[in-house]
Amino acid sequence: MFFYASKIIWFFLQPSAASVFLILAGFLFLKLNRPKLGKFCVNFGVIALLLIAFSPLGRQLMIPLEDRFPLITINQLEGEKVDGIIVLGGTIHMYVSDQRGVPSIVSGAERIIEAVKLAHKFPKARIVLAGGPNTVLANPTADATIVKQLMVDMKVDPARIEVEKNSRNTYQNALFAKKMSQPKKGENWLLVTSAYHMPRAIGCFRNVGFNVKAYPVDYHTGGEKSRFSPFYYALDGVTITDTATKEWLGLLVYWATGRSSSFFPENQ
């Protein structure tokens, strides 16, 4: 129920969609002879959409998320013992992959690329791919199943890869990955996911008692140096603003519903 409710509510709350709905509502009020309310809604919606598309708003929201956990390069892990690597889903366009018969990466390809690099760097480490279908209206091939095939194509031994294909959100990623991994005390597990998503993911893993080390990838901003840079392409601004807003709302909801260890988990 939580999964379906979150998808439906977010459809209406995402800033870009909410702005469009507000503009449409404004036109409706104008048709209903409510000119003041109609003009207010249209003007507010247009201004909001322009801010989302071209102002630095998206970067202001995204940078604190991306910088919460420090960037780690694979060279910084030199000499460390890595027992396992967990890769979260969210990179695959499952509908297109099924319909075309070939893997389609919709975003976050760095998750897969870095996971492959880590797999080759630490040949004894277990690899757990966590991610089932996150769709509402259909049941396509699980994200993790497709990612496994991509990793095998990139010369990772399939016997090392464990696929968790039932989780549908970040909390379930953590819960089911722990059940599959059965981590032992003292083991060093890396968590690979997008930098903006890392705070919520770490909160969930800590909540289920799985101590993992953050390995953030897939950055969408240049950090503090890019904080006040405008967007030159409207779609970039819309995407980053919507994505960052979703994460902040996710952090709040997960903390309020007991799915995360804290509202904004920090590096320990």
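**Helix packing, pockets and a cavity**

Helices H8 and H9 pack with their axes 8 Å apart, at an angle of about 40°. H8 is therefore oblique to H9, a term for angles that are not under 35 degrees (roughly parallel), over 145 (roughly antiparallel) or 65 to 115 (roughly perpendicular). The model is predicted: local features need pLDDT of at least 70, side-chain atom pairs count only at pLDDT 80 or more, and totals for chains, interfaces and linings use all residues. Residues are numbered from 1 along each chain as its sequence is written, and side-chain values use heavy atoms, with hydrogens and water left out.

**Helix pairs**

- Axes are lines fitted to C-alpha atoms, for helices over the stretch in contact, and angles between N-to-C directions run from 0 to 180 degrees.
- Helices (H or I, at least four residues) and strands (E, at least two) are DSSP runs numbered from the N terminus.
- The crossing of H8 and H9 is right-handed; this means that the near helix is turned clockwise from the far one by less than a right angle, and left-handed means anticlockwise.
- On the H8 side, Thr-170, Tyr-171, Asn-173, Ala-174 and Ala-177 meet Arg-200, Ala-201, Cys-204, Phe-205 and Asn-207 of H9, where contact means heavy atoms within 4.5 Å.
- The H8 and H9 contact has 6 nonpolar, 3 polar and 1 charged residues (Ala, Val, Leu, Ile, Met, Phe, Trp, Tyr, Cys and Pro count as nonpolar, Asp, Glu, Lys and Arg as charged, and the others, Gly among them, as polar).
- Helix H4 (residues 57-66) and H10 have axes that come within 8 Å and cross at roughly 45°, so H4 is oblique to H10.
- H4 and H10 cross in a left-handed sense.
- H4 contributes Leu-57, Gly-58, Arg-59, Leu-61, Met-62, Pro-64 and Leu-65 to this contact, and the residues from H10 include Ile-240, Ala-244, Trp-248 and Leu-251.
- The contact of H4 with H10 divides by class into 9 nonpolar, 4 polar and 2 charged residues.

**Pockets**

- On a 1 Å grid over the protein atoms alone, a pocket is an open set of points with protein on both sides within 12 Å along at least five of seven lines, a cavity is a set where a 1.4 Å probe fits but cannot get out, and lining residues have an atom within 4 Å of a point.
- Grid points are joined across faces, edges and corners, and a volume is the space filled by probe spheres set on the points.
- The volume of the largest pocket is about 1,700 Å³.
- Lys-7, Trp-10, Asn-134, Arg-200 and Lys-246 are the closest to its centre among the 48 residues that line the largest pocket.
- H10 (234-256) is among the helices that each supply at least two lining residues, and its 11 residues are the largest share of the lining of the largest pocket.
- The lining of the largest pocket has 19 nonpolar, 20 polar and 9 charged residues.
- The second largest pocket has a volume of about 160 Å³, and its lining includes Phe-69, Pro-70, Ile-202, Arg-206 and Lys-213.
- Helix H9 (198-207) and strand S5 (213-217) each give at least two residues to the lining of the second largest pocket.

**Cavity**

- A search of the whole structure finds 1 cavity of 30 Å³ or more.
- The volume of the largest cavity is about 50 Å³, and residues lining it include Val-87, Leu-88, Arg-111, Asp-143 and Val-147.
- H7 provides the largest share of the lining of the largest cavity, 3 residues.
- The lining of the largest cavity has 7 nonpolar, 2 polar and 2 charged residues.
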